[in-house]
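Dear colleague,

Please read them with the structure open beside you.

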Amino acid sequence: MDEVTEGIRQRREVNAYNLFYSAVTARATPSLYNHGVRIPMLFPEIEDRTSDITAEPDFVLYDGETCVLAEIKSGHNIEGRHIKQMRECAGVDIETAEAALKDAQVQDRMGYTGTVTAVEPAIVYQDLDEVYIEEAATESTQFRDRLEELTSYAVLMTQDYGDQLRPLRGEFNKSGNLQSLLRRGIQLPQNPPDQIMLTEGMEHEILAIAIADVWGEKALDYADGLEVSRTEVRDYFSPQHNVRLTDLDLVFDFLVEIGACEQVENHAYRFTRDRFDAVLDVEPQVLSEPVEDYLHGTEQMSLTDDFENE
Amino acid sequence: MDLSPSDFEDKTTREVLHELIQYVVTTDEEMQEKTTRSGSRTDLNIYLCDKQGFEIGELDSWITRLAEEDSVTSYAESYVADHTFSESVADNDISLVTIKTPAKNRTDEFVFVTNDGYLWVLTTVHSDWRKKTIENLLGYLPCVERLYLSADNLEELTDGIQDSRVSGFTAKYHAPNRERDATLMFSGAEEDDLEKAEETFDAKPTRIEFDQTNSPSTAIQGSNTSKGRLTMRSVRRGSEAKAVNTLLGLTEGYQELDRQNFEVEHSPQRRELDNGFTIDGFTAVELTDPDRSSATNEELISDLEENVLNGNQYRYGIRDSGRKIRVYDTDHQETFDIALEPPNLILYARETTTALSFRSFVRDVYDELDSTYSLSKSDNPVAIQ
């Protein structure tokens, strides 16, 4: 069980999102919520109307003045891709941020005017610290260069379970309420709630868990069970996550196979109360073994298998 | 009791209490005798319940559901078969309920009062028969759940009664990995005896008796329990109004503390936006700081499996590689998560979670697993004001 399966890797990604989310809950100290900070949007696409750059941060934080665009990473390796992501976030100007907040109806929902005095891109790694950065920068020119470029776009932060969310490198653009809260650090809970069940890639395993969580549980409210079609599931996750229909087919094959739901017609499935035990089994199953392996076995995974299943 | 629905027509809650308190009014001499608190005698008991969907006049349809629904346990089924029930409505929010037990040729009476989301059941039936009749009924009705207070809240509430002192208590100690479970029953208590019990045995009160004076001497004797039951044992003639005020104050306080601990005002809700989505709402009920200082995730899971999650009420699955448990409460048709922060247990609300399943689970933890946890709730909106 010590092996890090694909499912466990995805779980870690999910957990990193939920850990960051918990900074705005009452279990954090201080809770950003008590200081007026809200999460108006998750996984938005923020389009600059004058250029064709789109920023896709994982989280937006907003306190009525400052808009933080946060990208969350479940590991501590700085990758080239991260620089590109933060360059896009750094390209979001005040007007673009205000337009995005307006679209998210912050005025109606939060009573904030929607004005922004500063946009602050931040990238949050897990369990990173000064010592590691210092050492890696001394040993590797590539790391040093990446670090320098990354922090020219974003504040580099770290977070960990039962530990702090705090900045490590880089400066905020302005000094406001939210910036100084983050600078001082937020103590996070050891085991945050599963509010978000998504990963960037929406791989088979997390998709199976997410479908079981949403429709498997919703079905408990209906004595006759609840039917859902493949396209309804696809729409639910879009446009933030473009889930392919073939992936959904595979995941539903899996869910039917373990008994979490039954197929009622082509691409339509029914969840019922009496199948809930199997719904509860979905996560432990996909964390122990990839969905494809469960369906086709580890041995005979080959191209021909894929063709036969098309 | 010998009541008729017309006794309660157009009556306020205060007037209903005043009416029923007559059953425990005593003379000065009887009061002296009653201070010994022995023998079988008449008490007025009030059960305080959270009601989600139960209304006065609907008892019959709920009983029918209990008798017919497949998912209902065989205990509930045979309970419904062994008794007959009738409800006479006196008013929009008051009815008289009788439960008959033909095999024993018994008829027991109860007054049902609803107000502000709560159901009160008042009765003078003695304890054995209360258990067999009304306590079972309240336990089987899926829409009704007796309120629950932690030991700390119970003390806080009872301490707040004016001109009163603690005159006795029941305190329990129960924790994993211990050789013995202890129950202390203390009558004729002096000041500080409750503190001593807590310090010496780590025992937490589940029932506190109080004597309340109406100058100069003891006029009201009652008790308060952690499981949503208040008792008036005796009220000296002339002190009825004070006793009613005490009851109203206790019920109000009880409901408020229960709400603070269990009410889910901010459950997580997903909402689509033009450019992204939000998940709003966060509620956690925290069981913290127990007697035992450490435990592993595995130990906590197996303790919960053996003591709380076993039985018919719960189905569950292990999540996050053994760090969380997703629980389905089949009695209330709700799910919630238990996040393990050993030795603490954090309960997180899911979209459908209400106070019903939180309260029921917490009560089971205190009763079956560990009586030494502290209880608190933290919650807030996340996306909106």
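**Pockets and cavities**

The lining of the largest pocket is made up of 16 nonpolar, 16 polar and 17 charged residues, where Ala, Val, Leu, Ile, Met, Phe, Trp, Tyr, Cys and Pro count as nonpolar, Asp, Glu, Lys and Arg as charged, and the others, Gly among them, as polar. Please keep in mind that this is a predicted model, in which local features need pLDDT of at least 70 and side-chain atom pairs count only at pLDDT 80 or more, while totals for chains, interfaces and linings use all residues. Residues are numbered from 1 along each chain as its sequence is written, chains are lettered from A and ligands numbered from 1 in the order in which they are written, and side-chain values use heavy atoms, with hydrogens and water left out.

Rolling a probe the size of a water molecule over the atoms shows where empty space is left. On a 1 Å grid over the protein atoms alone, a cavity is a set of points where a 1.4 Å probe fits but cannot get out, a pocket is an open set with protein on both sides within 12 Å along at least five of seven lines, and lining residues have an atom within 4 Å of a point. Grid points are joined across faces, edges and corners, and a volume is the space filled by probe spheres set on the points.

The largest pocket has a volume of about 1700 Å³, and of the 49 residues that line it, T73(B), G139(B), Y140(B), Q313(B) and D331(B) are the closest to its centre. At least two lining residues come from each of helix 3 (59-68), helix 4 (74-82), helix 5 (127-140), strand 7 (144-146), strand 16 and helix 10 (355-369) of chain B, where helices (H or I, at least four residues) and strands (E, at least two) are DSSP runs numbered from the N terminus. Helix 10 of chain B gives the most to this lining, with 6 residues.

The second largest pocket, with a volume of about 1100 Å³, is lined by 44 residues, and those nearest its centre are K131(B), T170(B), R207(B), T225(B) and R229(B). Among the elements of chain B that each supply at least two residues to this lining are helix 5, strand 8 (164-173), strand 10 (204-214) and helix 10. By class, the lining of the second largest pocket has 11 nonpolar, 17 polar and 16 charged residues.

The largest cavity holds about 80 Å³ of space, and its lining includes I209(A), F276(A) and E283(A) together with G317(B), R319(B) and R326(B). Helix 8 (204-218) and helix 11 (276-288) of chain A, and strand 16 (314-319) of chain B, each give at least two residues to that lining, and the largest share, 5 residues, comes from helix 11 of chain A. The lining of the largest cavity divides into 6 nonpolar, 1 polar and 5 charged residues.

The second largest cavity holds about 40 Å³, and its lining residues include S150(B), D152(B), K204(B), Y366(B) and L375(B). Helix 6 (151-159) and strand 20 (374-380) of chain B are the elements that give two or more residues to this lining, which by class has 4 nonpolar, 3 polar and 2 charged residues.

**Chain A as a whole**

Chain A has 13 helices and 12 strands, and its C-alpha atoms fill a box of roughly 55 × 50 × 40 Å, taken along the principal axes. Of its 310 residues, 55% count as buried, where buried means under 20% relative accessible area, exposed over 50%, and partly exposed in between (1.4 Å probe, protein chains only).

**Two single residues**

M202(A) is found in the loop between strand 9 (186-187) and helix 8 of chain A, and M202(A) is buried, with a relative accessible area of 5%. Leaving aside neighbours within four places in sequence, M202(A) is in contact (heavy atoms within 4.5 Å) with M197(A), L207(A), A210(A), F237(A), H241(A) and V243(A).

D303(B) is found in helix 9 (residues 297-307) of chain B, and D303(B) is likewise buried, with a relative accessible area of 11%.

With best regards
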